[in-house]
Amino acid sequence: MNHHPREPRLPRPRGPLSAALTANLRGAGPLPRPADAGAADPYGDDLQLALYVCYELHYRGFAGVPAEREWDPELLRVRAALEGRFLDALRADTPVHDSLDDALGALLVEPAEGTGVAGFLHKEGELWQLREYAALRSLYHLKEADPHAWVLPRLWGRAKAAMAAVEYDEFGGGRADRVHARLFADLMTDLGLDTAYGRHLDAAPAEMLALVNLMSLFGLHRELRGALVGHFAEVEITSSPASRRLAEAMRRTGAGPAAEFFYDEHVEADAVHEQVVRHEVIGGLLDEEPELAPDIAFGIDATEYLEDRLARRLLTDWRAGRSCLRIPLGPAGQREPERQISHTS
């Protein structure tokens, strides 16, 4: 992994909410009013970026932003308003299964040929599209498993032990060179991408931000622990077949050994994790708190809903022969120039 500053720079704003927020974090103006969130598109670039910035203060923060801003009461009020707008929209728009069994059953049905983004990349994706996909997914994979770790203090018994076991694997089983975030950085290096944490935030569309924000939303709220477990189940159950197709796409396009290895590793690991999550994490949680079954189903279905939105965005652009990124990548092997970050939208 390349050596980079620990804290990324604040991103370029995308509207009045994110402009006011980033300016305030630089010490150059008031925070947006919580009431302003109510008029914003809950899935739009402005709200999703503002929420992403609020959440990132709980991860690595931003260069030049004091660490104590993480728990600034006024900033938390703004974050709560952004979260409320996003969560209300998800509850209204997500098609939720009638039961948890139905939600889990739907995840276990995998078309033989594959569908969605992984199916497209497997069958016809080009190297430039794999590079774009990796740049987008770096927003999560460079902190892989971190949002899910927040649920551990909120579980106990079987569910806690099983979740900790899966997280231990995600964090490399005690080996720094096997931490999944490190393996993804190695994949990015094979693809000629800058591996700096947060480097591709400005390029990512709102659909990707919403997916990463969903993990943080569920992880940071104890009342949403069931939804976080549902989200984690969706990720682990669907990961193995999708990773197999992505590994084959990496091989077909000559992406490189580390690019292949990342997805090969997930084929095996996530096939095991799927069983642990379904039978021990979910089963253990329901033994203790059966009333959380609807929340688990919501977490599964909300994740699927946002994944489908992202897939539509990517496939629409790629099938038209255009980039899905807000800022297209440079050629492989050519370092992307640092961009000046505007203080306005």
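Helices are DSSP runs of H or I with at least four residues, strands are runs of E with at least two, and both are numbered from the N terminus. Thr22 is found in one such run, helix α1 (residues 16-25). The model is predicted: local features need pLDDT of at least 70, side-chain atom pairs count only at pLDDT 80 or more, and totals for chains, interfaces and linings use all residues. Residues are numbered from 1 along each chain as its sequence is written, and side-chain values use heavy atoms, with hydrogens and water left out.

**Helix residues**

Burial is judged by relative accessible area: buried is under 20%, exposed is over 50%, and partly exposed is in between (1.4 Å probe, protein chains only). Thr22 has a relative accessible area of 0%, so Thr22 is buried. Contact means heavy atoms within 4.5 Å. Leaving aside neighbours within four places in sequence, Thr22 is in contact with Leu10, Pro11 and Pro13.

Helix α9 spans residues 180-190. Its buried residues include His180, Leu183, Phe184 and Leu187. An α-helix has 3.6 residues a turn, so residues three or four places apart point the same way. Just after α9, Gly192 takes a positive phi of about 70 degrees.

Ala149 is found in helix α7 (residues 146-149). Ala149 is partly exposed, at 25% relative accessibility. Its C-alpha atom is separated by 14 Å from that of Gly172, 23 residues apart along the chain.

**Aromatic rings**

Rings of Phe, Tyr and Trp (its six-membered ring) pair if their centres lie within 6.5 Å; planes under 30 degrees apart are stacked, over 60 edge-to-face, and the rest tilted. The whole structure has seven aromatic pairs. Phe120 and Trp318 are stacked, because their ring centres are 5.9 Å apart and their planes are at 20 degrees. Phe120 lies in helix α5 (residues 116-123) and Trp318 in helix α13 (residues 293-319), so the pair ties together parts 198 residues apart in sequence. Both Phe120 and Trp318 are buried.

Phe184 and Phe262 form an edge-to-face pair, with ring centres 5.0 Å apart and planes at 75 degrees. This pair joins helix α9 to helix α12 (residues 257-288), parts that are 78 residues apart in sequence. Both Phe184 and Phe262 are buried.

Ring pairs also link Tyr43, Phe86 and Tyr305 into a cluster. A charge sits over a ring if NZ of Lys or CZ of Arg is within 6 Å of the ring centre and within 35 degrees of the ring normal. Arg309 lies over the face of Tyr43, at 4.6 Å from the ring centre. Arg60 lies over the face of Tyr197, at 3.9 Å.

**Charged pairs and cysteines**

A salt bridge is a side-chain nitrogen of Lys or Arg within 4 Å of a carboxyl oxygen of Asp or Glu. The structure holds 21 salt bridges.

| Salt bridge | N to O distance |
|---|---|
| Arg326 and Asp45 | 3.9 Å |
| Glu280 and Arg158 | 3.1 Å |
| Asp177 and Arg175 | 2.9 Å |

Arg326, in the segment after α13, and Asp45, in helix α2 (residues 45-56), are 281 residues apart. Arg326 is partly exposed at 38%, and Asp45 is partly exposed at 30%. Glu280 lies in helix α12 and Arg158 in helix α8 (residues 157-170), so their pair ties together parts 122 residues apart in sequence. Glu207, Arg313, Asp317 and Arg322 are linked in a network of salt bridges.

A disulfide is a pair of cysteine sulfur atoms within 2.5 Å. The structure holds zero disulfides. Cys54 is buried at 2% relative accessibility, and Cys324 is buried at 0%.
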